[in-house]
Amino acid sequence: MRPKILSYEKLQDELQKLALKVKHHEDNMKFLKTQMDNIDESILDMQVNLGKYHSSSAALEQNNDVSAMQSEQQTVGKILQQEKAAAGIICQMKIRHGLQASKLQLTKDVLGIVATLGKVNDDNLSRLFSEYLGLETMLAIVCKTYEGIKALEKYDKEGMIDQNAGLHGLGPSIGRLLNGRFLVFCLENLRPYIGEFVPEDPQKKLALLKPRLPNGEIPRGFIGFAVNMINVDHMHLSCLTPNGHGLRETLFYTLFSRLQVYKTRADMQSALPCVSDGAISLDGGMIKSSGLFNLGDRKDVEVKFPISPGISKPADVIEIEEKLKLMNWQKERLEEDVQREEALLNNAKNLFNIQKQELVKYLGETASHIKQAQSMAGRTGTFRLELLPNMT
């Protein structure tokens, strides 16, 4: 009987280990849900504070934002004029469905169009940056994840585009035909800027080192880097990717890298020894990359960046909005953790119940064998079976 006793002890030991594992995952679930409750309370408090600010400053903002709204509407209008472009379909969807577009399977992961995700301070910069990027890039769609890209275009078994699915299927239903290729950026797959940010800068500008000539001086007429001259909506400054990155260090750093901006063409040409990722000048000079010059007359691109409003929000309001964005991002990560922990808990419970059934079965078989042996020997005995707690 000794081998049987060892087998019983092993089964009981395994069952105890699984019970501890179930308890561990249940404790984790309680901890995560407590964190979720705390974050929900913090989010509610911040929303209340922001609501007070927006209600008190609504009239002032309305007067100052008219020109900015008109500029944005002009940009969207120009995109809509691109009748056979994917960007036009996305913009029309957002106009028709509003907030519902963010819940539709096809467009819920779409952040926007490149031209609508950044603003600049004046019309000249808008023309220069748009010309530098080109129309195709200005019309590029921006998705947060690769799942969003897969939703935009489907393929059949032969690898051909399914014209009845994705944007290709949506276009005809709203009176638009998608023709040709279109660019889509996936934020989570872009290589972000790795470095510091300008301290206490509400726009989270990148702390890029200024160019230096061989003699150590900063080139004459250097204004700044294009990536830092794009104004990004505060809700897009961080927490758009699983790693917490925002648009500046992902999308716009990919588009502009360390593109330098100078006052004049002469200043730009004098700075050639320290131009590595291209340069432009306010009077129309353009170097696409080291050794690649764009010559000839300037050409306006049909779709341009909108112009920024003339006033900015108070620093404390910007800080609250940034914290709110961070809280919502943390909540999304917690929801993912809860889903994973719930799956682990259910798996542990299933294993526990299976092990419990095996132990009960083993005890039943052992009791039967003992009775048979006692009957054959003409002896009597008892066998104690302790009841096991249910695990649901």
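Analyst: A helix, as the word is used here, is a DSSP run of H or I that covers at least four residues, and a strand is a run of E with at least two. Please note that this is a predicted model. By these rules the chain has 11 helices and eight strands.

User: Which residues does UniProt list as "coiled-coil region"?

Analyst: The unreviewed UniProt entry gives residues 8–42 and residues 317–358 under that name. Such annotations may be inferred rather than shown by experiment. In the model, the span 8–42 is 100% helix and 0% strand, and its end C-alpha atoms lie 52 Å apart.

User: Where is histidine 24 placed, and how is its accessibility to be read?

Analyst: Histidine 24 belongs to helix H1, which covers residues 2–56. A residue is called buried under 20% relative accessible area and exposed over 50%, with partly exposed in between. Histidine 24 counts as partly exposed because its relative accessibility is 44%.

User: What share of the contacts in the chain joins residues at least 24 apart?

Analyst: Among contacts between residues at least 6 apart in sequence, the share is 70%.

User: How many residues does the largest nonpolar core have?

Analyst: The general idea is that nonpolar side chains tend to be buried together in soluble globular proteins. In this model, the largest nonpolar core has 67 residues, and those with the most contacts inside it include Phe129, Leu251 and Phe305. Helix H4, residues 86–97, gives the most to this core, with six residues. Another core lies apart from it and has 19 residues, among them Leu11, Val22, Ile43 and Leu363. Over the chain of 392 residues, buried residues make up 41%.

User: Which residues does leucine 251 touch, beyond those up to four places away in sequence?

Analyst: Leucine 251 touches Val114, Leu117, Val142, Phe185, Leu187 and Leu190.

User: Is glutamine 92 buried or exposed?

Analyst: Glutamine 92, which is found in helix H4, counts as buried because its relative accessibility is 13%, and the cut-off for buried is under 20%. Leaving aside residues up to four places away in sequence, glutamine 92 touches Leu80, Ile174 and Arg176.

User: What makes the nonpolar surface patch?

Analyst: Leu272, Phe293 and Leu295 make this patch, of about 320 Å². Leucine 272 lies in the loop between helix H10 (265–270) and strand E6 (279–281). With a relative accessible area of 36%, leucine 272 is partly exposed; residues in a patch must have over 30%. The chain exposes about 23100 Å², of which carbon and sulfur atoms supply 52%.

User: My last topic is the backbone angle phi. What is the phi of glutamate 200, and what is that of lysine 204?

Analyst: Glutamate 200 has a positive phi of about 55 degrees, although it is not a glycine. Lysine 204, also not a glycine, has a positive phi of about 50 degrees. Glutamate 200 is found in the loop between strand E3 (184–186) and strand E4 (222–225), and lysine 204 has its place in the loop between E3 and E4. Glutamate 200 counts as exposed, at 84% relative accessibility, whereas lysine 204 is partly exposed, with a relative accessible area of 22%.

How values were computed. Residues are numbered from 1 along each chain as its sequence is written. This is a predicted model: local features need pLDDT of at least 70, side-chain atom pairs count only at pLDDT 80 or more; totals for chains, interfaces and linings use all residues. Side-chain values use heavy atoms; hydrogens and water are left out. Patches are made of residues with over 30% relative accessible area and no salt bridge: like charges are joined within 9 Å, nonpolar side chains (Val, Leu, Ile, Met, Phe, Trp, Tyr) within 5 Å. Accessible areas come from the Shrake-Rupley method with a 1.4 Å probe; for residues, only the protein chains shown count as cover. A salt bridge is a side-chain nitrogen of Lys or Arg within 4 Å of a carboxyl oxygen of Asp or Glu. Buried means under 20% relative accessible area, exposed over 50%, partly exposed in between (1.4 Å probe, protein chains only). A nonpolar core is a set of buried Ala, Val, Leu, Ile, Met, Phe, Trp, Tyr and Cys residues joined through side-chain atoms within 4.5 Å. Contact means heavy atoms within 4.5 Å.
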